[in-house]
Amino acid sequence: MSDFPYRTALIIGAGPGISASLARRLSKLGVQVGLAARDIEKLKPLADEIAASAFVVDASQPDQMAKLFLDMESQIGTPDVVIYNASARVPGPLASVDPAAVQQAIAVSAFGAFLAAQQAAMRMEPNGHGAIFFTGASAGTKGFAQSAAFAIGKFGMRGLAQSAARELGPKGIHVAHFIIDGGVRSSSRPVPSGQPDSLLDPDAIAQTYIDVLAQPRNAWSHEVDLRPWTERF
């Protein structure tokens, strides 16, 4: 895809699965990739494989998010694609779940997404070009029992994506939200025997992100939901 419209990408909340698949596909398109996470030791094999840079960040902290973008600029360049994959879960009964843990989970899933979007927007707006993508979940459309923190965070992220798309789209910045509606296959979560296609393939998810990034601006998608064909919704 020689006419791919982006050259640098920052993936926040990077790890195995969707982020790793995205990083590999972007790298194959000639995009220079930055990977950000709390623990960058786990990112070293992937970073070495695709010649990416790895950055430490607590996505819920404004000063660390600002530093992340500055570090990205100094090592790779200003990102013209920012993908926010960070999130946190605190399962438990509403009456007894730890409020401090819920507060932190919301800070990672929703407030961190805002911080990333803000840093991206201030850099992309002057150029009238860029893409900000958010990785959502089923919880952003329906709150499940004993999962209040995750639902609040993902609903908040979805609202942010809608607001950002309406504000930034007319300025040339593509904002999209992806609802991952189902479990994602991984080495620790293989497809159950007798249930083929019951889990999402991270490589297939990543290809959808790439396809959306390649869309012409006169036909941009804002929200895409992905699920196995066997999943009920």
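Me: Which element gives the largest share of the lining of the largest pocket?
Reply: E5 does, with three residues. Helices (H or I, at least four residues) and strands (E, at least two) are DSSP runs numbered from the N terminus. This is a predicted model, where local features need pLDDT of at least 70, side-chain atom pairs count only at pLDDT 80 or more, and totals for chains, interfaces and linings use all residues. Residues are numbered from 1 along each chain as its sequence is written, and side-chain values use heavy atoms, with hydrogens and water left out.

Me: What counts as a pocket, and what as lining?
Reply: The search uses a 1 Å grid over the protein atoms alone. A pocket is an open set of points where a 1.4 Å probe fits, with protein on both sides within 12 Å along at least five of seven lines. Lining residues have an atom within 4 Å of a point.

Me: How much space lies in the largest pocket?
Reply: About 1,000 Å³. That volume is the space filled by probe spheres set on the points, with grid points joined across faces, edges and corners.

Me: Which residues lie nearest its centre?
Reply: Ile18, Asn85, Ser87, Arg89 and Phe150, out of 43 lining residues. Helix H1 (18–28), strand E2 (32–37), strand E5 (130–137) and helix H5 (148–168) each supply at least two residues of that lining.

Me: How does the lining of the largest pocket divide by class?
Reply: It has 17 nonpolar, 14 polar and twelve charged residues. Ala, Val, Leu, Ile, Met, Phe, Trp, Tyr, Cys and Pro count as nonpolar; Asp, Glu, Lys and Arg as charged; the others, Gly among them, as polar.

Me: And how much space is in the second largest pocket?
Reply: About 170 Å³. Its lining includes Phe114, Met122 and Leu168. Helix H4 (99–124) and H5 each supply at least two of its lining residues. The classes are seven nonpolar, two polar and two charged.

Me: At what angle do H4 and H5 cross?
Reply: Roughly 15 degrees, with the axes coming within 7 Å. That makes H4 roughly parallel to H5. Axes are lines fitted to C-alpha atoms, for helices over the stretch in contact, and angles run from 0 to 180 degrees between N-to-C directions. Under 35 degrees is roughly parallel, over 145 roughly antiparallel, 65 to 115 roughly perpendicular, and the rest oblique.

Me: Which helix does H1 pack with?
Reply: Helix H6 (residues 202–213), at about 50 degrees, with axes 8 Å apart. That makes H1 oblique to H6. H1 passes H6 in a right-handed crossing.

Me: Which residues of H1 are buried?
Reply: Ile18, Ser19, Ala20, Ser21, Leu22, Ala23 and Leu26. Buried means under 20% relative accessible area, exposed over 50%, and partly exposed in between (1.4 Å probe, protein chains only). Just after H1, glycine 30 has a positive phi of about 85 degrees.

Me: Where does alanine 51 sit?
Reply: In the loop between helix H2 (44–50) and strand E3 (53–56). Alanine 51 is not a glycine, yet has a positive phi of about 60 degrees.

Me: Is alanine 51 buried or exposed?
Reply: Exposed, at a relative accessible area of 70%.

Me: What about valine 224, buried or exposed?
Reply: Valine 224 counts as buried, at 17% relative accessibility. Its place is in strand E7 (residues 223–226).

Methods:
Left-handed = near helix turned anticlockwise from the far one by under 90°.
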